[in-house]
Amino acid sequence: MSVTTAPTTATTLGFSTLDREVVVDELELSGELPSWLAGSLLRTGPAKFEVGEQRMRHWFDGLAMLHRFTIEDGHVSYGNRSLESRSYRAAQEQGRMVYGEFATDPCRSLFKRVQTLFSGGGVLPDNANINLTRLGERFIAMTETPLPVQFDPHTLAAADVRPYRVPGQLSTAHPHSDRTTGSMLNYAAKLGRTSSYRFFEVGRSVTSEHPSKPRVIGSLAVKEPAYMHSFGLTERYFVLAEFPFVVNPLALALSGRPYIENYRWKPERGTRFTLVDRETGEATGGFQTDACFAFHHVNAYEEDGEVVLDLCVYPDAGIVEDLYLERLRAGKPVASATLTRFRLSLADRSVRREQLAEQGIELPRINYGRCNERPHRYVWGNSNGAEGWLERILKIDVTDGATLSWAESSCYPGEPVFVARPEAEHEDDGVLLSVVLDVRSETRPPRSFLLVLDAADLSELARAHAPHHIPFGFHGQFARA
Ligand code: CO
């Protein structure tokens, strides 16, 4: 006897294409917005899952759409627009996928594959569907290729200019910000006959006519680069966590398989941490612990001769498999990540590991402005419910593992973005902004809403209803007015 899980409306809808682009001057609002809250929640995420005959295979493949919720004088306006990346434009013009994505590849010739990878040539995708950032006055959407896409935060139109070019072929969409200079810090993997991790900085003070030239701070030789979605930052160090999910660069160039299917799980390697000095680029390695996997670093800091870092940890890289669209749309549960603290001792290179809370958490956020590079007490994020999908907003107090949560039947919240109240004294004084997919049918078609919670106690302050469903996305940022 076989048991099949019926597709749930949430996962069917959350992974279905949104083509419609709108501008709405004022969304229907219930509740009351704090009077100090002014600015735009900007988000990116996959929204188009088919191109011509071809269907995207993985959640990370969908063509990006930008969303803007602008809060002003107690009202909320909204706009959304497909990100006009070259991946998107080529797909529109030719009616087929032209550039490869995370787990879906058009059939490219062997020659082109090698050219793509080792020359950084003209065929890398720039479908910036993971995250976005503000660098000086520029807004930049990002994915894990070296081609960020600049856009206008009001119209959401893409700019013709590349804001900068990453010194490598693979990078992260989770840059950090230097709290003194405001410059952007990130790492990239440079692939070739010999490969390396490169740590680089992009200054914030540039004009749109003069794209910034990244400054490489340090470089670290690597044979088989690990898949790393993010990294940590302390006052002195870049913190790299190399999980044993690694790729042979030559195989990546030659295999003919989609990008992520070239990575191999090699648990015998364990998880390795490396610290790279932000001033000198000098690397300190030798920190090793059991195999695990994570997408997201939560925060990192130095304390009493140790580097402390919190990650959302999975036992292995099976989560990458869990996020294939066929599985998700069939309502299969996805693995849950555990908030885990690693303490790296600078004295003896030992690694201690501690679970910080019982409940799982993903898409973590902190009070970044206050706690980046410094100790934090609170982590907000999403947590799986009984259906095995993100159904809750969670607040974890890392000092005692205490949690608070927000949930509502048939509602599926995305990443809760923390916005601090100006002049706030307490770390959790502010609001959370989360885009929630509401699949209750009632009399209207299902749609999404912007939820505004008090970040301290997770009580609801307001919600503003979008005119359509917004597919499940990854990350966004709040840009103050
Ligand atoms: Co991410």
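Tutor: One definition before we start: strands here are DSSP runs of E with at least two residues, helices are runs of H or I with at least four, and both are numbered from the N terminus. Keep in mind, too, that this is a predicted model.

Student: OK, which elements each supply at least two residues of the lining of the largest pocket?

Tutor: That pocket has a volume of about 1,300 Å³. Of its 46 lining residues, the closest to the centre are Ser-177, Arg-365, Tyr-368, Gly-369 and Gln-477. The elements that each give at least two residues to the lining are β8 (131-135), β12 (176-177), β16 (232-233), β22 (293-303), β26 (362-365), α7 (368-371), β31 (417-420) and β35 (476-480).

Student: Now the second largest pocket: which strand gives the most to its lining?

Tutor: This one holds about 240 Å³ of space. Of the 14 residues lining it, Ser-40, Thr-70, His-154, Ala-479 and Ala-481 are the closest to the centre. At least two lining residues each come from β3 (39-48), β35 and β6 (63-72). The top contributor, with four residues, is β6.

Student: How many of its lining residues are nonpolar?

Tutor: Take the lining of the second largest pocket class by class. It has five charged residues and four polar ones. The nonpolar count is five.

Student: Switching to strand β28 (residues 390-397): why is it largely enclosed by the rest of the structure?

Tutor: Here, buried means under 20% relative accessible area. β28 has eight residues, and it is largely enclosed because the number of them that are buried is seven.

Student: Which residue stands opposite Arg-392 of β28?

Tutor: Look at strand β27 (residues 378-384), which pairs with β28 in the antiparallel sense over seven bridges. Their hairpin has five residues between the strands, and Gly-388 there takes a positive phi near 80 degrees. Facing Arg-392 is Ser-383.

Student: What about the hairpin of β28 and β29: which residue takes a positive phi near 75 degrees?

Tutor: β28 and strand β29 (residues 402-406) are antiparallel too, pairing over five bridges. Asp-397 stands opposite Ala-402 in β29. Four residues lie between the strands of this hairpin, and the one with that positive phi is Gly-401.

Notes: Residues are numbered from 1 along each chain as its sequence is written. This is a predicted model: local features need pLDDT of at least 70, side-chain atom pairs count only at pLDDT 80 or more; totals for chains, interfaces and linings use all residues. Side-chain values use heavy atoms; hydrogens and water are left out. On a 1 Å grid over the protein atoms alone, a cavity is a set of points where a 1.4 Å probe fits but cannot get out, and a pocket is an open set with protein on both sides within 12 Å along at least five of seven lines; lining residues have an atom within 4 Å of a point. Grid points are joined across faces, edges and corners, and a volume is the space filled by probe spheres set on the points. Ala, Val, Leu, Ile, Met, Phe, Trp, Tyr, Cys and Pro count as nonpolar, Asp, Glu, Lys and Arg as charged, and the others, Gly among them, as polar. Buried means under 20% relative accessible area, exposed over 50%, partly exposed in between (1.4 Å probe, protein chains only). Two strands pair if DSSP finds at least two bridges between them.
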